[in-house]
Amino acid sequence: MTALIVDAFSWACLGAGSVLVLIGTVGLIRLPDFYARMHAVGITDTLGADLILLGLMVQAGFSLVTIKLLLIGAFLFFTSPTSTHAIANAAFTSGLRPLVADEETEREPAEEKGDQA
Amino acid sequence: MTMEFVINMSLFVFLGLTAFAILKLRALFAVVMLSSVFSLVSAGLFVLLDAVDVAFTEAAVGAGISTVLLLVTLSLTARREKAPHRAHAIPLAVVFLTGLALVYGTLDMPHFGDPNAPAQTHVAPKYINDTEREVGMPNIVTAVLASYRGFDTLGEVTVIFTAGIAVLLLLGASIREPDGVRIQTMDHHLVLRVVTKVLIGPILLFALYVQFHGDYGPGGGFQAGVIFAAAFIIYALVFGLENARRAVPGQAVRILLACGVLLYGGVGLISFLFGENYLNYSVLGATQVAGQHLGVLLVEFGVGLTVSAVMVSTFYAFAGQNPPISDEDW
Amino acid sequence: MDGAEIHGLFNYWMVIILMMIGFYTVVSRGNLVKKIVGLNIFQVSVFLLYISIGKVSGGTAPILTGEPEVFSNPLPHVLILTAIVVGVATTALGLALVVRIQNAYGTVEEDEIQELDDEMEFGTGESKEDGP
Amino acid sequence: MFTATMAALLVSMVLALARLYMGPTLYDRVLAANAFGTKTVLLIGVVGFLTGRPDFLDISLLYALLNFIGTIAVLKFFRYRTLGDRVETDRERQ
């Protein structure tokens, strides 16, 4: 019985992670401009990857493998948002501006972000 | 059509697509990004084909070093390839004919995965069956690399050493101090600085693990050397080349460059002096297995030293060049 | 040609396709950086050929587990492992040469380098006709 | 279930590769290459479980640690046009 619950939990994690990863990359293809694409892939990827790793961890039971998976998850959790930040920063400072619908609403967030960079 | 074969097939198709895109695109920056993807996919393929040590090496090299080297070269040369203006017919014909000849050659080859292929029946069973008794380490690849074929590996390390020396000769080992003020780059990238600081420790620790755990799992001197170098390169990228040189002076790196090869050769010489064959480590310890263990450990350490020193000094030499100042916008 | 044959030779054919793409990049493109990337593709295809030959179906990575198992051939792994690191060292050497060529000629396009070389050796086309 | 995860990963790798080829800006390419790297980390992990020897996660671990070096190099390349130290000559400052 416990084994069944553990398995079900692991499958759920793997399934949810796969769906998130897929959605993220579909966004990478479908969305209209760079910042939107980054938004799609940067956010879903971190959660999706960690969910898949969690699913694998539950499958592995408690062993060295689990610890390695935990470390991979931790490092991905650090590096993936950092690289997204770095790319966004590079794009923004080089003058790429987000695609926005309205001229008025564009100014403020753009300048605010520029100050931080 | 097993699952493994389907994955194998899709990864090969990815590789083909990536290679074709590299051929087609003229923006060299995109070519660099694609070549890093090419290396990622090939590492995945190596894992699938049971070559975990090879995948490890490809990962260590492809994840950072080669991308960084290509980017430095781009910053010193042009960023766009000019349109080719010559006849394509002859190269295409030559390539096509060569490809056909090679495909004709494969028709006689033993099929993929055939356990009775000639490659599988001669020396491989000896390595697989005798490693445990003769060298006494679980990772057969490390045993073959450092012990059975130690001479071969010594040659490879010498090649790497020579290539490193040649790069230093071409680009100048000691960097001329340019006149002007060094600007502290990356100073305001707080997030990057903090994350890099957090990560450098684990990277170095991981390199040590790879270096000394190579007898038991995938790893060894070649991989560890590249990972060590990656840690220093990332430090130099974020905190400046000047600071990196203060932490690890170029002079020290060049001394280590030679030390690694000397250590490797020296271990061979010691076994020579004990009256055994060159690079036969069995005499180094009380028992054969203990001697082999010690010998492999020392030799792998020498490999790690040379590889990391070559990578770091190559990076120093490339990054120390002053890029031409251009207003070219892209 | 039946299914088993295609299944058994697929890897080799893909290796040949990759190898030829790399080869074509080297011979047909003028940019030296691109040539080096093409050389890398060629190199990786050779690595894949060796590793494919070493694979035994049903086998596993050649790291002993204490249980009798079928292992893939460790010898190609050893050869390729060192070749990868040697490959990156030689790539670095090639790129260093490219940087020096850029410094000396101001370009990394093969055709332009050739022109500059001809000019240096024979003088330009017109001046040769004008000469004595 | 590993098979399903694997399929999802392979499909998303294709999509990331397409974005990498299409561009249009350089940053799109970097983003796609980065996403591709994360997928490879997961792929190598799942392959280990699929083939029944999950003790080779060191490779994934290595990618998780090192994959952002490339991104940092790209960032520095774009902002400062060099991977070494930027030196401001007297001519430039005037």
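Author: A residue is buried when its relative accessible area is under 20%, exposed when this is over 50%, and partly exposed in between (1.4 Å probe, protein chains only). The model is predicted: local features need pLDDT of at least 70, side-chain atom pairs count only at pLDDT 80 or more, and totals for chains, interfaces and linings use all residues. Residues are numbered from 1 along each chain as its sequence is written, chains are lettered from A and ligands numbered from 1 in the order in which they are written, and side-chain values use heavy atoms, with hydrogens and water left out.

Reader: Why is Leu279(B) called buried?

Author: The relative accessible area of Leu279(B) is 6%; the limit is 20%, so the residue qualifies. Leu279(B) sits in the loop joining helix H12 (250-273) to helix H13 (288-319) of chain B. Its phi is positive, about 65°, although the residue is not a glycine. Helices here are DSSP runs of H or I with at least four residues, strands are E runs of at least two, and both are numbered from the N terminus.

Reader: How do you know whether Asp50(B) is buried or exposed?

Author: Asp50(B) has a relative accessible area of 9%, so it counts as buried. Its place is the loop between helix H2 (28-48) and helix H3 (52-76) of chain B. Asp50(B), too, is a residue other than glycine with a positive phi, near 70°.

Reader: What does Lys55(C) touch, leaving aside residues up to four places away in sequence?

Author: Contact means heavy atoms within 4.5 Å. By that test Lys55(C) touches Ser72(C) and, in chain B, Glu4(B), Leu48(B), Leu49(B), Asp50(B), Phe112(B), Gly113(B) and Gln120(B). Lys55(C) lies in the loop between helix H2 (32-54) and helix H3 (74-105) of chain C. With a relative accessible area of 6%, Lys55(C) is buried.

Reader: What makes helix H7 of chain B largely enclosed by the rest of the structure?

Author: Eight of the nine residues of H7(B), residues 140-148, are buried, which means that the helix is largely enclosed. The buried residues are Ile140(B), Val141(B), Thr142(B), Ala143(B), Val144(B), Leu145(B), Ala146(B) and Ser147(B). At the start of this helix, a side-chain oxygen of Asn139(B) comes within 3.1 Å of the backbone nitrogen of Val141(B).

Reader: How many residues are nonpolar, polar and charged where H3(A) meets H9(B)?

Author: The axes of helix H3 (residues 64-93) of chain A and helix H9 (residues 190-212) of chain B come within 11 Å and cross at roughly 145°; axes are lines fitted to C-alpha atoms over the stretch in contact, and angles run from 0 to 180 degrees between N-to-C directions. H3(A) contributes Lys68(A), Phe75(A), Phe78(A), Thr79(A), Thr82(A), His85(A) and Ala86(A), while H9(B) contributes Val191(B), Leu192(B), Val195(B), Val198(B), Leu199(B), Pro202(B) and Tyr209(B). These divide into 10 nonpolar, three polar and one charged, where Ala, Val, Leu, Ile, Met, Phe, Trp, Tyr, Cys and Pro count as nonpolar, Asp, Glu, Lys and Arg as charged, and the others, Gly among them, as polar.

Reader: What makes up the secondary structure of chain A?

Author: Chain A has four helices and zero strands, and 44% of its 117 residues are buried. Chain D has four helices and one strand, in the order α-α-α-β-α; of its 94 residues, 71% are buried.

Definitions and conventions: Polar contact = N/O pair within 3.5 Å; in protein donor to acceptor, adjacent residues only side chain to side chain.
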